[in-house]
Amino acid sequence: MNTRVLTGITTSGTPHLGNYAGAIRPAIQASEQPGVDAFFFLADYHALIKTTEDPARVARSRLEIAATWLAAGLDPERVTFYRQSDIPEIPELCWLLTCVTPKGLMNRAHAYKASVDQNTAKGVDPDDGISMGLFSYPVLMAADILMFNAHKVPVGRDQIQHLEMARDIAQRFNHLYGDEYFVLPDVVIAEDVATLPGLDGRKMSKSYNNTIPLFEGGAKALRSAVMRIVTDSRQPGEPKDAENSHLYTLYRAFAPAGESAAFRQALEQGMGWGDAKQALCDLLERDLAEMRERYVALMAAPARIEDILMAGAEKARKLAMPFMARLRDAVGLRRLGGSPGVASATGSKKAASRAARFVSFRDETGSFRFRLLAADGEELLCSIPYADPKQAGAAMRRLQTETPSLRAEGMAYLAALDDAPVAYGPPAADDAAREAALARTRETLQGLARAD
Ligand code: TRP
């Protein structure tokens with residue numbers, strides 16, 4: 001079985017060199033491994049938590065981040081690449097999970113606690129400025145992950161607690177509703193992935209204002225940032241301490257081993273910082289120039305990106321829709337008008353079977369359908385797709401109450417109302433098997449009609 005790897009990128013900023021080396025590059029490399037089924041998405045609902053005051057920033061960031069990942073080589077055919085906000089099943093699941101999440105668990109979330117601590121230190125109300133979005137952020141993140149039953153979730157260290165919470169919430173849901181609905185996800189912390197230093201040597205981060213832009217601003221902005229990297233005051237000709245210079249750390253993150261060794265040696269033998277910066281610029285240009293060209297082309301064609309993301313959403317929803325239908329059923333949000341058996345239908349293993357029943361569901365295209373299942377769970381009929389759930393419900397109800405006409409159709413059989421086929425039985429191996437299945441279906445329908 002493939003390993004499903006999933007990660008989200010909050011769309012609140014412009015990707016910088018640190019994001020590229022620390023997250024984008026390793027994620028794309030991982031997605032190219034055999035046996036990996038990768039899900040990468042733009043966490044744009046998460047962006048609203050911190051960026052409520054700046055809709056333009058969120059909009060711009062979604063575009064920049066999508067263009068960056070595509071320019072960096074993400075293959076949308078291979079990876080499921082989508083926007084969180086294009087999957088309505090995610091907030092729907094988020095609510096089901098919210099209802100099984102103890103408030104006390106959320107009280108312990110680091111991000112929330114840090115905000116409370118800051119407020120306390122300032123002497124204002126502990127919950128000052130804290131939205132419910134911030135408070136229940138880990139539940140939304142759990143929904144992102146559990147929706148697709150991801151096995152592995154690569155994230156930064158600051159997200160470990162959120163993964164633990166996702167596991168807790170999944171376990172609680174599985175336990176309450178009596179089945180293994182959700183896979184318990186494992187966190188993946190990439191130890192060997194570069195954490196790049198910024199201009200001042202601290203971790204490269206938007207919040208320290210020490211970033212080197214990846215594509216935005218072009219070669220010029222990249223060069224001007226490199227020239228601002230802080231170095232010590234050693235003059236050309238003086239040996240440099242390469243190991244402790246972040247210029248060297250940056251160089252190493254982009255050069256093959258042989259080249260970084262040569263660079264290090266040159267520094268130790270007195271290469272001037274100006275020349276070293278020029279060498280770093282050349283190296284980065286070599287690595288990034290082609291990607292930057294693709295980025296610029298993509299940024300100029302947002303409709304193309306939109307198409308790619310919509311195709312990704314469609315791929316993701318093929319999984320999310322039927323799974324959400326199953327989860328709705330599990331918690332008791334079911335179509336009305338089914339037989340008494342419907343209530344105990346596909347939900348939990350414990351409650352399943354015992355009575356023949358109609359079960360409604362949404363298929364992968366989002367259409368409404370229903371099945372007739374025998375007491376042992378065998379499928380006797382599966383309806384045609386309906387765009388309108390009311391119509392599907394009405395047909396189901398009629399099959400149950402009025403004895404419909406059943407007739408053979410090739411190796412299969414069908415049930416018709418007013419002479420129009422509304423449901424089909426599965427094809428049988430031979431005529432005798434088909435006649436047996438037909439008879440069984442007829443008896444089952446009569447049984448349900450009596451129970452009604
Ligand atoms: N909260 C994550 C971050 O800030 C982004 C994110 C949202 C995420 N949903 C996710 C990461 C699901 C992994 C899986 O980095």
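Reply: Let us begin with the accessibility classes: buried means under 20% relative accessible area, exposed means over 50%, and partly exposed lies in between. Please note that the model is predicted.

Me: Why does Pro-256 count as partly exposed?

Reply: The relative accessibility of Pro-256 is 43%.

Me: Why does His-110 count as partly exposed?

Reply: His-110 has 48% relative accessibility. Exposed requires over 50% and buried requires under 20%, therefore His-110 counts as partly exposed at 48%. His-110 belongs to helix α6 (residues 110-122).

Me: What makes Asn-209 count as exposed?

Reply: Its value is 70% relative accessibility. The class exposed means over 50%, so Asn-209 counts as exposed at 70%. Asn-209 is found in the loop between β5 (186-188) and α10 (218-227). Although not a glycine, Asn-209 has a positive phi of about 55°.

Me: What makes Asp-418 count as exposed?

Reply: Asp-418 has a relative accessibility of 63%. With exposed set at over 50%, Asp-418 therefore counts as exposed at 63%. The loop between β10 (412-417) and β11 (420-425) holds Asp-418. Asp-418 has a positive phi of about 50° and is not a glycine.

Me: Why does Thr-80 count as buried?

Reply: The figure for Thr-80 is 6% relative accessibility. Buried means under 20%, so Thr-80 counts as buried at 6%. Thr-80 lies in strand β3 (residues 80-83).

Me: Which residues is Thr-80 in contact with, leaving aside its neighbours within four places in sequence?

Reply: Thr-80 is in contact with Ala-38, Phe-39, Phe-40, Gly-312, Lys-315 and Ala-316. Contact here means heavy atoms within 4.5 Å.

Me: Why does Asp-144 count as buried?

Reply: The relative accessibility of Asp-144 is 2%. The limit for buried is under 20%, therefore Asp-144 counts as buried at 2%. Its place is in helix α8. Not counting residues up to four places away in sequence, Asp-144 touches Leu-6, Phe-41, His-46, Gln-84 and Ile-90. In an unreviewed entry, the UniProt annotation "binding site" covers Asp-144.

Me: How do you know that the side chain of Asp-144 makes a polar contact with the side chain of Gln-84?

Reply: The distance given for this pair is 2.8 Å. A polar contact requires N or O atoms within 3.5 Å, one able to donate a hydrogen and the other to accept it. The Asp-144 and Gln-84 side chains are listed as such a contact at 2.8 Å.

Me: What makes α8 mostly covered?

Reply: In α8, 11 of its 11 residues are buried. Among them are Tyr-137, Leu-140, Asp-144 and Met-147. Just after α8, Asn-149 takes a positive phi of about 45°.

Me: Which residues are closest to the ligand?

Reply: The ligand is surrounded by 14 residues, of which the closest are Gly-8, Thr-10, Tyr-137, Asp-144 and Gln-159. By class, the shell divides into eight nonpolar, five polar and one charged.

Me: How do you know that side chains come within polar-contact distance of the ligand?

Reply: The distance limit is 3.5 Å between N or O atoms. An oxygen atom of the ligand lies 3.4 Å from a polar side-chain atom of Thr-10. For Tyr-137, an N or O atom of the side chain is 2.5 Å from a nitrogen atom of the ligand. For Gln-159, the corresponding distance to a nitrogen atom of the ligand is 3.1 Å. The ligand taken alone exposes 370 Å², and the protein buries 87% of that. Two or more residues of the shell come from each of β1 (3-10), β2 (36-43) and α8 (137-147).

Technical notes:
Residues numbered from 1 in each chain as written. Predicted model: local features only at pLDDT ≥ 70, side-chain atom pairs only at ≥ 80, totals over all residues. Heavy atoms only, no water. Near = heavy atom within 4 Å. Areas by Shrake-Rupley, 256 points an atom, 1.4 Å probe, with all protein chains shown as cover. Helix = DSSP H or I, 4+ residues; strand = E, 2+ residues; numbered from the N terminus. Nonpolar A, V, L, I, M, F, W, Y, C, P; charged D, E, K, R; others polar. Buried < 20%, exposed > 50% of the residue type's maximum accessible area, 1.4 Å probe, protein only. UniProt positions renumbered as here; feature names shortened; annotations may be inferred.
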